[in-house]
Structure formats: C-alpha cells, structure tokens
Amino acid sequence: MRDFDVDEPGEDGLSVSAPKTWATGAPAVVHALQYALRQTSPKRTALTLLNINQTKGFDCPGCAWPEPAPGKRHRNEYCENGAKHIADEATSRRVTADFFRQHSVDELSRKSDHWLNQQGRLTEPMVLREGATHYEPIGWDEALDLLAGELRALDHPDEALFYTSGRLANEPAFLLQLFARAFGTNNLPDCSNMCHESSGSALGETLGIGKGSVSLDDLHDSDLVFVVGQNPGTNHPRMLSALEETKRRGGHIVAVNPLPEAGLLRFKHPQKARGVIGRGTAIADQFLQIRPGGDLALFQALNLMLVEAEDKEPGTVLDRAFIEAHTTGYDAFAEHIRETSWDAVLEATGLTRDEIERVHERVLASRSVIVCWAMGLTQHKHGVPTIREVVNFLLLRGNIGRPGAGVCPVRGHSNVQGDRTMGIWERMPQAFLDSLEREFGFTPPTRHGLDSVDSIRAMRDGHAKVFLGVAGNFVRATPDSDVTEQALRTCRLTAHISTKLNRSHAVCGRTALILPTLGRSDRDRQAGGEQFMTVEDSMSEVHATRGRLAPASAHLLSEVSIITRLARKVLGSSPDVPWADFETDYDLVRDRIARVVDGFEDFNERVRRPGGFRLPNPVNSREFRTPSGKAVFSVNDFTLLRAPEGHLVLQTLRSHDQWNTVPYAMDDRYRGIKGGRRVVLVNPADLADLGLADGSLVDLVSVWSDGVERRAEAFRAVGYPTPPGSAAAYYPETNVLVPLDSVADISNTPTSKSVIVRLEHTAATAPA
Ligand SMILES: Nc1nc2c(c(=O)[nH]1)N[C@H]1C(S)=C(S)[C@@H](COP(=O)(O)OP(=O)(O)OC[C@H]3O[C@@H](n4cnc5c(=O)[nH]c(N)nc54)[C@H](O)[C@@H]3O)O[C@H]1N2
Ligand SMILES: Nc1nc2c(c(=O)[nH]1)N[C@H]1C(S)=C(S)[C@@H](COP(=O)(O)OP(=O)(O)OC[C@H]3O[C@@H](n4cnc5c(=O)[nH]c(N)nc54)[C@H](O)[C@@H]3O)O[C@H]1N2
Ligand code: SF4
Ligand SMILES: [Mo]
C-alpha cells in the first residue's frame with residue numbers, strides 16, 4: 001500500500017550515494033543541532049541538551065544504552081540521535097483543539113507517520129465520539145469516566161488490552177500492571193513482544209534470568225566482543241564509545257551482520273577533538289557478512305570447533321570445571337554438535353570456512369568473551385534457538401559469571417527492561433503475582449494474558465473490545481498492517497496516553513480517546529511537590545530521571561496521574577491500594593515497588609544516590625535460577641532460510657533518522673540514502689538476475705502459506721552490498737508485508753527480519 005505516504009517531502013528528490021564506512025564525528029553533532037533548532041528555540045535546545053543523561057537531569061528517552069558512572073561522564077553525555085529524540089519531544093510545535101477541527105480522522109489516517117509527528121506535542125484530551133468525523137475536546141474527568149465506563153461494561157476483564165512501550169518509566173509501569181491485575185487481567189502486551197522477547201525466552205530457559213549479565217566495565221575489559229545483528233552507529237550510538245574503549249585496552253571485536261554498517265567499520269568520537277578530525281578507530285577487527293538467519297549455523301560451527309579442539313588436547317580448551325559444577329546437558333549437546341555439517345554451515349552463513357576458522361582462533365586466544373546482539377537475532381523464526389546456541393558458546397569456556405565475559409542483549413527503548421522488572425508482561429511468574437497479593441490484598445488472575453500478536457488476533461476475532469495504549473504506536477509497530485488496522489477498528493473503544501500524534505490515534509475504535517501526557521523532559525509537579533521517576537537500562541542500572549522543562553501544555557497530566565485516576569474510577573478506592581496517595585507522591589509508589597520487586601530494597605534511598613544502583617544478576621555469582629539450579633546446554637537444529645527462485649529474504653530495519661515508528665527526516669546518512677524512505681536495498685547481482693535496473697520502481701509482494709497477497713507499493717530498488725538473495729527496507733512502511741502468523745518459535749515475535757518477497761515492476765497507473 002502506498003496510500004498514506006504521498007505527502008512525504010522529497011520522495012521525488014531521492015538521491016543515493018555509496019554507503020559510509022565510518023560513523024559519528026563532526027557532521028553528526030551538526031545534524032543533531034540542526035534538527036533541534038528546527039523544532040524549538042536556541043535557549044530551550046541548550047537547556048534540554050545540558051540535562052540529558054546527567055545525574056540531576058533526565059534519562060535520554062532514546063535507547064537503553066547505559067551511562068558511564070557519574071564521575072566518568074562527559075558534560076555532553078548523549079549522541080546525535082539522543083539529541084534528536086529529545087528535540088522531537090521538546091519541540092515548540094503544538095497540536096491544539098483547532099488542529100482537530102481542521103483535520104478529520106479520515107484525513108489524518110491518510111497522512112504519513114512523518115507528517116503526523118511533525119505537528120508537535122499533544123496539548124489537551126480529545127474524544128472521537130461514535131459516528132463522528134472529527135476529534136473534539138473533552139475534560140479529563142469525562143474522558144476517564146468514558147474509558148472507565150467501557151471497561152466496567154465488558155463481560156470479562158480479559159476483553160481489555162493494556163499495551164505499553166518501553167518508553168514508560170518504572171513508577172507508571174508498576175501502577176499500570178497493578179491496575180490491570182486488580183481489574184482482573186494479565187493482558188499486558190508490550191513492545192518487548194516484538195523486540196527482545198526471543199532473548200528473554202532463551203536466557204530465562206538457559207541461565208534462569210531473561211536479562212543481560214555484563215556491565216560497562218565488563219565490556220571495556222573484555223578480550224573479545226561479538227556484535228551480532230545490531231547497528232549501533234544508528235541505534236545505540238554511545239555503544240561505539242564503549243567499543244572504542246575495549247579496543248584501547250587491547251580487546252578485539254568481531255561484527256556479524258548482513259550489511260556493512262558504518263558504525264561497525266570505523267568510529268569517530270564526537271566528544272574528543274581527535275575524533276572529530278582524525279580517521280577515527282576501526283571498530284571491527286573482523287567483519288562477517290552473514291546471510292540473514294545464518295547466525296545459528298555460525299555459532300554451531302564455532303561450538304563444533306571448540307569441542308573438537310578439546311578432543312585433540314583434552315583439558316586445554318573447554319572450562320571443564322565450570323561445565324561440571326554449573327551446567328547440565330553438556331553430553332547431549334556435544335553429541336549433537338559433532339554432527340554439524342560444514343557444507344550446511346557454509347550454505348547457511350554464506351561465509352568461508354577460513355573466515356570462521358579465523359574467528360575460532362580469536363576465541364582460543366581470548367580469556368574473556370562477550371556476545372552482544374539485538375534485532376538481527378531476535379526477529380527470526382529461529383531467534384530463540386539462535387540465542388540458546390550463543391549461550392552454549394559462552395558456557396563452553398566458562399564465559400558466564402566472570403569479569404569481561406557474558407551475555408549482552410542490547411535493549412531498545414530506554415526503559416523496556418525496567419517495564420518487565422515492574423511486571424509489564426502477560427506471563428509474570430507466580431512468585432511475582434503472590435508478592436502483589438501479599439502487598440495489596442487482592443488475588444491477581446493467574447491465567448496468562450495476551451501478547452502483542454495474540455492481542456491482534458483477539459481484536460480481529462471480537463474477543464477484545466477495549467484497547468488502552470501507553471507510550472507507543474501499536475498500529476504501526478505491529479505486523480500485517482491491514483489486518484491490524486481492521487482489528488483495531490472493530491474495538492468499542494481505543495484510548496492512547498501519548499505525547500505526540502501518531503497513526504494509532506487515526507486508526508481507532510468506534511469511540512477513541514487521546515490522553516496527552518508529560519514527556520521525560522517535562523517538569524512533573526504534584527500535590528506532594530516536584531516528582532522524579534526511575535528507569536532501568538540495558539545493564540540493569542536503575543537511576544532517577546527528572547524533567548526540567550515547563551510542560552508542553554497546562555492541560556497535561558502525568559502518566560501516573562492518568563493511570564491512578566482511571567484506576568479509582570474503575571475500581572473505587574480501597575485502603576489497600578491508595579491510588580490517590582500514589583498520585584501525590586511517587587515515593588509512595590517506590591515504597592511499594594521496594595516490597596514487591598526483588599532487588600529494590602531501600603529503593604527511595606538508593607535511587608537518590610548519584611547514578612542510582614545496579615540490580616543484582618544472580619548469573620554473575622554463577623547462581624542459575626533454572627529448575628536444576630544449573631545453566632543449561634541446549635540442543636538446537638537449524639533450518640536453512642532460503643527464498644524460492646526469483647524471491648528474496650527481506651529484513652525490515654531502522655534508518656538513521658527515525659525513532660521506531662516515527663521518521664524524523666527522510667535521510668539514512670550512513671547508508672547513503674537521502675530524501676526518501678521507500679527504498680529497497682538489493683544486491684546488484686540479484687537486480688540483474690531479476691531483470692531490474694538500479695533505480696527502478698517496484699512493489700514488494702510477500703509470500704506466505706495463507707496465499708493472501710501482501711503488497712507494499714512503489715519502492716525504489718537500490719543496488720547495495722547485501723548478501724546475495726537478501727534485501728532490506730525500512731520499517732514501519734514494510735510492516736504490511738509481515739504476515740501475522742509468521743512468528744518466532746516460542747517467543748511469538750514477528751519475523752520482521754525474514755520476510756520472503758518478490759519484486760514486481762510498479763504498474764504505471766498504481767493508485768495514489
Ligand atoms: N536512532 C534509533 N535508535 C534506536 C531505535 C530507532 O528506531 N532509532 N530503536 C530502538 C529499539 S526499540 C531497538 S529494539 C533497537 C534496535 O536496534 P537494532 O537491532 O540495531 O535495529 P535494526 O535497525 O532493526 O537493525 C538490525 C540490524 O541487524 C542486522 N541483521 C538483520 N538480519 C540479521 C541476521 O540474520 N543476522 C545478523 N547477524 N544480523 C542481521 C541488520 O542488518 C541491522 O544492522 O534500537 C533502539 N534504538
Ligand atoms: N517490521 C518491523 N516492525 C517492528 C520492528 C522492526 O524492526 N521491524 N521493531 C519492533 C520493535 S523492536 C519495537 S520496540 C516496536 C516499537 O513500537 P512502539 O514502542 O509501540 O512505537 P514507538 O514508535 O516507539 O512509539 C512512538 C509513540 O510513543 C509516544 N510517546 C513518546 N514518548 C512518550 C512518553 O514519554 N510518554 C507517552 N505516554 N508516550 C510517549 C508518542 O506518542 C509516539 O508517537 O516496533 C516493533 N515493530
Ligand atoms: S546512545 Fe541511546 S541513550 Fe545514549 S544518548 Fe544516544 S540515544 Fe540516548
Ligand atoms: Mo525495540
């Protein structure tokens with residue numbers, strides 16, 4: 001579908017140049033400032049930028065990469081993209097009631113994601129009444145009465161869905177799950193379901209906890225760091241500073257990616273003069289241009305070589321003592337891994353045996369090894385087994401629970417890990433539910449709730465009728481856009497707690513509410529005084545975040561206010577759950593978190609220390625909370641990801657100028673794309689085989705067993721160094737191609753990195 005992308009600036013002005021071989025440096029800083037100054041005044045820009053990631057300021061609302069310890073921070077501890085995310089929130093542009101009078105919902109539903117976001121901050125609650133064409137203003141009280149009334153009118157609490165993204169801080173996240181469970185449902189789908197769910201599943205099963213084990217210091221001190229399925233130059237830019245430090249201390253880096261991403265090749269440090277002018281640091285000592293989905297085969301080959309090397313010189317390669325004391329399943333694993341076929345490995349990975357043997361040599365030469373990964377591993381059908389195989393790889397040489405070694409799933413949203421810790425999960429363990437019951441005196445439902453994909457199915461099939469979305473853009477983040485849009489439109493009511501306008505406000509239920517809220521950078525004043533909130537980053541560091549700007553509008557309520565007021569309307573007040581008190585003073589929420597969630601003892605006191613505190617990860621003392629009390633070696637089989645003749649394996653990914661579903665601009669500087677997002681990157685040899693000229697206009701048509709034709713129209717084919725047989729294009733424009741039922745085994749994560757497509761010449765008269 002091309003429908004709502006026609007207002008993009010510069011779609012005709014697309015220009016393509018060679019991909020860059022380095023990331024960050026002077027141009028990056030200039031780009032960030034330009035974006036900030038287009039959004040707001042120089043004074044507000046300076047005020048916001050000076051407060052990002054400082055101990056008394058606010059946490060960058062971008063990614064979940066951790067900050068260095070307080071004494072080691074730069075005055076400007078943010079990256080180009082962090083500056084863009086904050087400028088986008090601190091914009092002086094406003095969406096007012098007048099705006100909604102001018103634009104009908106139908107018109108808004110035909111606007112692009114970029115246009116919607118550029119209209120500015122939402123300023124007052126709005127309602128779309130059943131049968132109306134336009135949103136109209138509504139008071140907070142009436143808005144929350146309406147939502148509460150619809151919730152109470154449901155036949156069963158499981159007919160309600162409470163979606164969140166990881167942008168939500170800990171306190172409102174804790175209150176949201178408390179409300180949902182007190183209301184009677186575990187239906188808490190979240191963006192994690194589409195993100196690191198595969199990591200959580202694999203790590204939980206094998207190590208007993210679904211989180212990463214390493215700290216920033218481990219990363220700096222490691223001998224060998226793998227960066228797999230990740231584009232840090234764009235998505236976690238400050239990770240490059242950490243990798244530069246690893247290298248400075250003598251460590252090595254192996255990057256595994258189908259695309260030669262600029263940040264993996266060379267890095268220029270923006271906060272150091274030599275970074276701005278010099279050639280920068282070569283990041284990857286070895287770059288493996290792997291075929292999409294080939295990582296399981298790669299790690300199996302590495303594991304095979306380790307086991308065989310141990311056979312040759314027993315006692316010198318594997319950490320036998322660790323394996324015996326702390327793991328189970330080694331024998332079955334080893335037996336299976338010995339059957340690995342090199343022919344199959346080479347076919348699956350597209351690598352040479354020599355390349356893989358060179359990695360093996362590096363592994364043998366390294367005492368401590370870390371594996372980092374992101375969406376390139378999780379969003380595949382075999383995401384969970386792939387990550388389990390990564391764990392096998394680390395267990396073999398005792399690279400778990402030791403300095404400089406461990407697992408490092410690099411999280412996306414700034415607080416996505418914290419939200420899980422707070423109970424945002426449709427399948428929280430019984431121990432957590434028991435703890436809620438003890439603290440609040442009600443019995444939480446035990447039946448598992450619905451995740452994101454199952455929520456869509458439930459709406460589609462009429463089993464879910466009220467949808468509340470917090471801090472995300474469900475309709476654009478999810479797969480199979482046509483199906484999902486239809487599903488949302490069948491709801492009796494959809495409501496969104498948001499800072500900015502997005503497509504989920506325009507593709508909505510029969511009645512719809514927009515509930516505008518404070519952003520990270522906004523000051524939050526309550527009856528009990530000025531409040532702060534807390535977040536947990538990718539390395540389990542919990543710290544405070546405090547907005548400093550005057551709120552974008554006088555009518556905004558904080559997320560905590562909205563959730564607690566809604567809860568009071570739905571559930572009434574009870575002495576056990578003092579919702580009204582929670583709103584006035586967030587310390588009272590933190591006191592409850594301290595009693596319910598492991599690792600948060602003395603929360604209020606410890607989080608007030610500069611830099612906060614780190615949650616303990618039992619894995620680091622080699623304590624594994626699996627049923628056997630040991631880390632688990634697993635047996636994993638790979639199936640070759642192969643597109644049929646004339647087809648390609650398409651991955652959907654992020655450009656440099658977007659935050660998830662929100663494109664800030666039309667450029668993807670490091671990949672050499674300027675002025676357009678409807679591009680598909682294809683290997684030049686494949687273009688030739690398919691009879692397509694570089695630059696031709698094509699439709700992407702995905703192929704799935706249900707026989708339904710899913711089509712994304714009018715993309716420019718761009719010759720690009722992708723592995724043969726594979727292609728890449730931006731999300732969310734391509735979500736229409738991802739079939740709802742195409743999900744990762746076990747984690748149910750949409751397979752956004754492996755969609756089988758064919759390219760068809762766009763018909764000259766394609767509908768506009
Ligand atoms: N600027 C910016 N920063 C962001 C975000 C954003 O939208 N914009 N989003 C945030 C969020 S929520 C997340 S989850 C993270 C995402 O961070 P990333 O995971 O880095 O995001 P993607 O753009 O999806 O890129 C996936 C990378 O995996 C590679 N890849 C694809 N398939 C495979 C494969 O089969 N094997 C291997 N080895 N590699 C593969 C791709 O080529 C690409 O480099 O970023 C966070 N940070
Ligand atoms: N095809 C494909 N699909 C994907 C992915 C992919 O790689 N490919 N990646 C997946 C991943 S990893 C993720 S995490 C999801 C992301 O999906 P989401 O997290 O749902 O989407 P976002 O784009 O981050 O949400 C943006 C909206 O959040 C709201 N917002 C921003 N800040 C705040 C705040 O402080 N408070 C509140 N209340 N609202 C705020 C704004 O209104 C903004 O429009 O998408 C997933 N979908
Ligand atoms: S690396 Fe991530 S958290 Fe840090 S400033 Fe950049 S976007 Fe923000
Ligand atoms: Mo994510």
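The model is predicted, with local features requiring pLDDT of at least 70 and side-chain atom pairs counted only at pLDDT 80 or more, while totals for chains, interfaces and linings use all residues. Residues are numbered from 1 along each chain as its sequence is written, chains are lettered from A and ligands numbered from 1 in the order in which they are written, and side-chain values use heavy atoms, without hydrogens and water.

The protein divides into domain 1 (11-18 + 647-765), domain 2 (23-86), domain 3 (94-192 + 415-610) and domain 4 (197-409), with bounds taken from an automatic or database domain assignment. Between the C-alpha centres of domain 2 and domain 4 the distance is 30 Å. Contact between these two domains (heavy atoms within 4.5 Å) involves 18 residues of domain 2 and 21 residues of domain 4.

An unreviewed UniProt entry lists residues 648-755 as "domain: Molybdopterin dinucleotide-binding"; such annotations may be inferred rather than shown by experiment. This segment is 6% helix and 35% strand, and its end C-alpha atoms are 8 Å apart. Helices (H or I, at least four residues) and strands (E, at least two) are DSSP runs, numbered from the N terminus.

Ligand 1 has 33 residues around it, of which Asn257, Glu261, Gly293, Gln658 and Asn660 come nearest; a residue is near if one of its heavy atoms lies within 4 Å. At least two residues of this shell come from each of helix H3 (80-89), helix H11 (232-235), helix H20 (375-378), strand S24 (648-653) and strand S25 (658-659). By class, the shell has twelve nonpolar, 17 polar and four charged residues. Nonpolar denotes Ala, Val, Leu, Ile, Met, Phe, Trp, Tyr, Cys and Pro, charged denotes Asp, Glu, Lys and Arg, and polar the others, Gly among them. Polar contacts (pairs of N or O atoms within 3.5 Å) include one at 2.7 Å between the side chain of His380 and an oxygen atom of ligand 1. A backbone N or O atom of Asn231 lies 2.8 Å from an oxygen atom of ligand 1. Taken alone, ligand 1 exposes 920 Å², of which the protein buries 99% (Shrake-Rupley method, 1.4 Å probe).

Around ligand 2 there are 30 residues, with Tyr163, His413, Ala477, Glu559 and Thr661 nearest. Domain 1 and domain 3 each contribute at least three residues to the shell.

How values were computed
Polar contact = N/O pair within 3.5 Å; in protein donor to acceptor, adjacent residues only side chain to side chain.
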